[in-house]
Amino acid sequence: MGQDGFMAVEGRTYGGLSAQQRSRERRQRLLDAARDLIAEVGVAPLTVDLVCHRANLSKRYFYVEFGSKDDLLDACAEELYARLRATMEAVLTSAPLPDRAHGVLRTVVHTLVSDASDARLYMESPGFPRLRELQQREIGEFTARIAAEAMPFTGPPRPPIDRALATRAMVTAATELIIAWLHGDIDTDEDTLVATLTATTLGAAGAV
C-alpha cells in the first residue's frame with residue numbers, strides 16, 4: 001500500500017478505483033490541502049512538503065500530478081477564477097443592464113470574503129509573477145465582459161476617450177481597493193464597499 005492508501009500500480013483497479021479515478025482523487029486532495037494551508041499561512045510559506053503532509057500523500061504522488069509548487073498554485077488560482085467567472089456569468093445572463101454592475105461587484109466581493117483561502121490567494125497574487133500574470137489575464141477578460149455587457153454607457157463616446165480603457169481603469173482601481181480591504185487597510189463593511197464601487201462604476205459610465 002502507498003501513502004495514499006492504494007497499491008501504487010497504474011492501469012489496474014485497487015480500492016474500488018481505477019488509475020484515472022485515483023489520480024483525480026490525489027489531485028483534489030493536493031488542491032484541498034493547498035487551499036487549507038493558504039488560508040492558514042498564506043502563499044509564501046507554502047512548500048511541497050507541507051502540502052504532501054496535509055494531504056497525507058508522498059512527494060512522488062505530488063510530482064505525478066503537478067510539475068512544481070507553482071503548477072499547484074496555478075491550479076488553485078485557475079479554480080478560483082473559474083468560480084468568479086461563473087458568478088459573473090450568472091449575473092450577466094439574468095440581471096437587467098442597470099443592475100449588472102452592482103450584481104457582478106457584489107458576487108465577486110462576496111465570493112472572496114466568504115473563503116479565507118480565496119481571499120488570501122487573490123490578495124497575495126500580485127507578489128508572485130505567475131500568479132500575478134494569471135490575475136492580470138483574468139482582469140483583462142473581466143474588463144472586456146464588463147465593458148460590453150455591464151457598463152450602462154449613455155450616448156456616443158466622447159472623443160478622445162476610450163471606453164474600454166476607462167473600464168480597465170475602473171476594474172483595476174476596484175481590484176486594488178478590494179485587495180486593500182481584504183488586507184484590512186480600509187475600515188468599511190462589505191455592503192458599503194460594494195455600494196461605493198457600484199456608484200463609481202455607474203458614474204464612470206455616465207461620464208464617458
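Trainee: Which residues does R120 touch, not counting residues up to four places away in sequence?

Mentor: Happy to start there, and do keep in mind that this is a predicted model. R120 sits in helix α6, which spans residues 116-124. Leaving out residues up to four places away in sequence, the residues that R120 touches are I38, A39, E40, V41 and G42.

Trainee: Is R120 buried, partly exposed or exposed?

Mentor: Buried would require under 20% relative accessible area, and exposed over 50%. R120 has a relative accessible area of 23%, so it counts as partly exposed.

Trainee: How far apart in space are R120 and R35, C-alpha to C-alpha?

Mentor: In sequence, R120 and R35 are 85 residues apart. In space, their C-alpha to C-alpha distance is 9.6 Å.

Trainee: Next, α1 and α4: how are these helices oriented to each other?

Mentor: Helix α1 covers residues 19-41 and helix α4 covers residues 69-92, and their axes lie 10 Å apart. The angle between them is about 85°. Angles of 65 to 115 degrees fall in one class, so α1 is, relative to α4, roughly perpendicular.

Trainee: How many charged residues are in the contact of α1 with α4?

Mentor: From α1 come R27, L30, L31, A34, R35 and I38, which meet L72, L73, A75, C76, E79 and R83 of α4. By class, this contact has eight nonpolar residues and no polar ones, and the number of charged residues is four.

Trainee: And α5 with α8: which handedness does the crossing have?

Mentor: Helix α5 (residues 97-113) packs against helix α8 (residues 163-183) at an angle of about 30°, with the axes 11 Å apart. That angle makes α5 roughly parallel to α8. The crossing of α5 past α8 is right-handed.

Trainee: How many nonpolar residues does the contact of α5 with α8 have?

Mentor: The contact is made by V109, L112 and V113 on the α5 side and by I178, W181 and L182 on the α8 side. No polar and no charged residues take part, and the nonpolar count is six.

Trainee: How many disulfides does the structure hold?

Mentor: C52 is buried at 4% relative accessible area, and C76 is buried too, at 3%. The cysteine sulfur closest to that of C52 is in C76, 13 Å away, which is too far for a bond. A disulfide needs the sulfur atoms within 2.5 Å. The number of disulfides in the structure is zero.

Conventions:
Residues numbered from 1 in each chain as written. Predicted model: local features only at pLDDT ≥ 70, side-chain atom pairs only at ≥ 80, totals over all residues. Heavy atoms only, no water. Helix = DSSP H or I, 4+ residues; strand = E, 2+ residues; numbered from the N terminus. Buried < 20%, exposed > 50% of the residue type's maximum accessible area, 1.4 Å probe, protein only. Contact = heavy atoms within 4.5 Å. Axes fitted to C-alpha atoms, helices over the stretch in contact; angles between N-to-C directions. Parallel < 35°, antiparallel > 145°, perpendicular 65-115°, else oblique. Left-handed = near helix turned anticlockwise from the far one by under 90°. Nonpolar A, V, L, I, M, F, W, Y, C, P; charged D, E, K, R; others polar.
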